[in-house]
Amino acid sequence: MKNQTTITGELTSQRGTIGPLLGEGSFGRVCRLLLSNGNVAAVKFFKRPLCSTSLARLDKLCRLQRPHACFKGWPWDWGTTSDGLSFVFMDAVSTEYWLLNQYLQGKRTLTLPAIVRIAYQLSDAFAALHLAGFAYPDLSSNQVLVNMDGDVAIVDCDSIGFANDNLTNVGTRGYLTPGLATGAERVSPATAGYALAVLHFQILV
């Protein structure tokens, strides 16, 4: 979609004007979104068409409250453009946050209290997510942003599913359980717990 194009959400009828590109991944591209009420948000456009099952899951996800404040990228509306491109609205993440990968790759430094705070917030957020009956299929350092104080912002929340979604072969290499990597296991709080343990090891060690 081009800058300055206006799109409208299905659930809230909120209108927004597309702004500059903020980031791009394998499945979508995220742009700044100026809402009609003057607030700034973000919009993710999916690169591939979504099936009816995926759209129904997104609709359900958007109608539910985020289980923890750290899930900054929780979708709150969705829609489809005139040319069939699906999108989700989400809150914009402050520019003070940066990818955790920058710390893991030695490009940023963090104090020990900040590191401990990151580990705690991640654990607290995923405990709340799992207690609410959700499952995060692709937890890795690519989905975690932090600031210098150790506050956490978890993005790509549109991929979050429910415990009975029966998703397999989903995730990032290095964060997968052996069963999930081979297709013998389904996405669950246990598979996300494994990925979280890997992430904690990387952060703390």
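**Close-up views of the predicted model**

View A. Helix H1 runs over residues 52–63, and its 12 residues reach 17 Å from the first C-alpha to the last, close to the 16 Å expected at 1.5 Å a residue. Buried in H1 are Leu-55, Leu-58, Asp-59, Leu-61 and Cys-62. Seen down the helix axis, these buried residues fall within an arc of 165°, so they line one face of H1. In an α-helix there are 3.6 residues a turn, so residues three or four places apart point the same way. The packing partners of the buried residues of H1 are strands S4 (40–46), S5 (75–80), S6 (86–91), S8 (134–135) and S11 (161–162).

**View B. The largest pocket has a volume of about 1600 Å³.** Its lining comprises 47 residues, and those nearest the centre of the pocket are Lys-44, Gln-143, Val-155, Asp-156 and Asp-158. Two or more lining residues come from each of strand S2 (15–24), strand S3 (28–35), S4, H1, S6 and strand S7 (98–99). By class, the pocket lining holds 22 nonpolar, 15 polar and 10 charged residues.

**View C. Asp-156 has a positive phi of about 55° although it is not a glycine.** Most residues other than glycine have a negative phi. Asp-156 is found in the loop between strand S10 (152–154) and S11. With a relative accessible area of 28%, Asp-156 is partly exposed. This residue is also one of those that lie nearest the centre of the largest pocket.

**View D. Ser-13, which is not a glycine, has a positive phi of about 60°.** The residue is placed in the loop between strand S1 (6–8) and S2. Ser-13 counts as exposed because its relative accessibility is 51%, the cut-off for an exposed residue being over 50%.

**View E. The largest cavity has a volume of about 70 Å³.** A search of the whole structure for cavities of 30 Å³ or more finds 1. Among the residues that line the largest cavity are Tyr-136, Pro-137, Asp-138, Leu-139, Gly-171, Tyr-175 and Leu-180. Helix H5 (residues 189–204) gives the most to this lining, with 3 residues. The lining of the largest cavity divides into 8 nonpolar, 3 polar and 1 charged residues.

**View F. Helix H5 has buried residues that include Thr-191, Ala-192 and Ala-195.** These three residues are also among those that line the largest cavity. Leu-196, Val-198, Leu-199, His-200 and Ile-203 are likewise buried in H5. The buried residues of H5 pack against helix H2 (100–104), H3, strand S9 (144–146) and helix H4 (178–182). At 1.5 Å a residue, the 16 residues of H5 should span 22 Å, and the end C-alpha atoms of H5 are 22 Å apart, in agreement.

**View G. Ile-118 lies in helix H3, which runs over residues 112–131.** With a relative accessibility of 0%, Ile-118 counts as buried. When residues up to four places away in sequence are not counted, Ile-118 touches Leu-110, Val-146, Gly-150, Val-152 and Ile-203. Ile-118 and Thr-95 are separated by 23 residues in sequence and, C-alpha to C-alpha, by 17 Å in space.

Conventions
Residues are numbered from 1 along each chain as its sequence is written. This is a predicted model: local features need pLDDT of at least 70, side-chain atom pairs count only at pLDDT 80 or more; totals for chains, interfaces and linings use all residues. Side-chain values use heavy atoms; hydrogens and water are left out. Helices (H or I, at least four residues) and strands (E, at least two) are DSSP runs, numbered from the N terminus. The expected span of a helix is 1.5 Å times one less than its number of residues. Buried means under 20% relative accessible area, exposed over 50%, partly exposed in between (1.4 Å probe, protein chains only). The arc is that of the directions from the helix axis to the C-beta atoms. Contact means heavy atoms within 4.5 Å. On a 1 Å grid over the protein atoms alone, a cavity is a set of points where a 1.4 Å probe fits but cannot get out, and a pocket is an open set with protein on both sides within 12 Å along at least five of seven lines; lining residues have an atom within 4 Å of a point. Grid points are joined across faces, edges and corners, and a volume is the space filled by probe spheres set on the points. Ala, Val, Leu, Ile, Met, Phe, Trp, Tyr, Cys and Pro count as nonpolar, Asp, Glu, Lys and Arg as charged, and the others, Gly among them, as polar.
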